[in-house]
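Here are my notes after going through the model you sent. Have the structure open while you read them.

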Amino acid sequence: MSSPQTTTHDVQAVAAAIRAHDRFLVVTHENPDGDALGSLLAMTLALRQLGKDTVMYLSGGSPLPGEYAFMRLDGLVRELPADMEERVLVAVDCAKADRIGPDPAPVERAKLVIDIDHHHDNTRFGAVNLIVADASSTGEVLRDVFRELGVEVTPDIAEALYIALVTDTGRFQYSNTTPKSLRLAAELVEAGADVHEVFQQVYESVEFAKLKLLARALERARVLEGGRIVVSYLLRTDFAEVGAAEPYSEGIIDYLRAVEGAEVAVLIREPPRDDGPTRRVSLRASVDEIDVSAIARLFGGGGHRQAAGFSTEASIDEITELIRQGFSAQRASASA
């Protein structure tokens, strides 16, 4: 893509760009969560409803988290289409271009890049950008786009958006839950989203290997700063020994976050593969005074104030100490 970046927060601009083109590639970030996969599927279904030639793509070969296996993602491809240069790239729930994957080809070769997201630190890497930082999820942002485009919210689209919404709000328990997100949830249920199925599949279909992986993380958990930081880690060998794939670590950090008195939870994990970074780190905050995305940015990462992450070659002890320092600095600044 040779055109210069421009910034727009206008839903109409995104809708106009979509109407003006016929061929699309919809992408999201590596190691996707519920918002990423729900938004990816919903956007693909909406574009196809509009008669657009649409390919749904995810970088890398890692399996999807098992809790999302029930989603209708059978059309998902893991290699770029040969006609990439003829397609408009729509990136959903992706704060940086390199979060799509290590290969820059999708962004560089696309005919046009549309960036739709809700991360406040989004780099606005598209030619058209719709970043709504106070939205509960990217799924919530997409609902506004679909309304502008006249897309009918079918049961399949409703369920995909509901998955995006319910997972990124922590089942409507996180502070990003707003009256708008709750009204949207009601609309999606009315449109055919199966709340019971989503709950059972996402939250009550835990593979035994994931349970064993969780046990290792809990066994290693320790507290710092008088209990205000809870940190744990998973080694590459853990995944092999319990028979778990990398996505099985998804959600483990929420158990650390739930510890009484914890203001920040940290999970350091070594991906069970030879390519990519040595360690990935997830951060969660339970208080408004701490911005974990600012800590993540120290390592080249990012995210939300209360949920962020980064990749690094640093050791577990080095990571832990730098996070502790970042936490202490923010705490001191808040109390000054």
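1. Ground rules. This is a predicted model, so to speak of a local feature I need pLDDT of at least 70, and side-chain atom pairs count only at pLDDT 80 or more, while totals for chains, interfaces and linings use all residues. Residues are numbered from 1 along each chain as its sequence is written, and side-chain values use heavy atoms, with hydrogens and water left out.

2. The sheet. There are 5 strands in an open sheet, ordered S2-S1-S3-S4-S5, with parallel pairing. S2 and S5 (128–131) are at the edges with a single partner strand each, so one side of each has no neighbour in the sheet. From one strand to the next the twist averages 15°. Strands here are DSSP runs of E with at least two residues, helices are runs of H or I with at least four, and both are numbered from the N terminus; two strands pair if DSSP finds at least two bridges between them.

3. Inside the sheet. S1 and S3 run parallel and are joined by 4 bridges. Phe24 has Val88 in S3 as its bridge partner. Helix H2 packs on the sheet, where it touches S1, S2, S3 and S4 (112–117), and its direction makes about 170° with that of S2. Contact means heavy atoms within 4.5 Å, and angles run from 0 to 180 degrees between N-to-C directions, with axes fitted as lines to C-alpha atoms, for helices over the stretch in contact.

4. Helix H5. This helix spans residues 155–168, 14 residues in total, and its first and last C-alpha are 20 Å apart, close to the expected 20 Å. The expected span is 1.5 Å times one less than the number of residues.

5. How enclosed is H5? Of its 14 residues, 12 are buried, so the helix is largely enclosed by the rest of the structure. Buried means under 20% relative accessible area, exposed means over 50%, and partly exposed is in between (1.4 Å probe, protein chains only). Among the buried ones are Glu159, Tyr162 and Asp168. The cover over the buried residues includes helices H2 (34–49), H4 (138–149), H6 (179–190) and H7 (195–203).

6. Salt bridges around Arg23. The structure has 23 salt bridges, each a side-chain nitrogen of Lys or Arg within 4 Å of a carboxyl oxygen of Asp or Glu. Arg23 pairs with Asp53, with closest N and O atoms 3.8 Å apart. That pair links strand S1 (residues 23–27) to strand S2 (residues 53–57), 30 residues apart. Arg23 also bridges to Asp83, at 2.4 Å between the closest N and O atoms; Asp83 is in the loop between S2 and S3 (88–92), 60 residues away. A network of salt bridges links Arg23, Asp53, Asp83, Glu86 and Arg87.

7. One more pair to look at. Glu246 and Arg280 form a salt bridge at 3.3 Å, N to O. Glu246 sits in the loop between H9 (236–242) and H10 (252–257), and Arg280 is in strand S9 (residues 279–285), so the pair ties together parts 34 residues apart in sequence. Glu246 is buried, with 5% relative accessible area, and Arg280 counts as buried at 10%.
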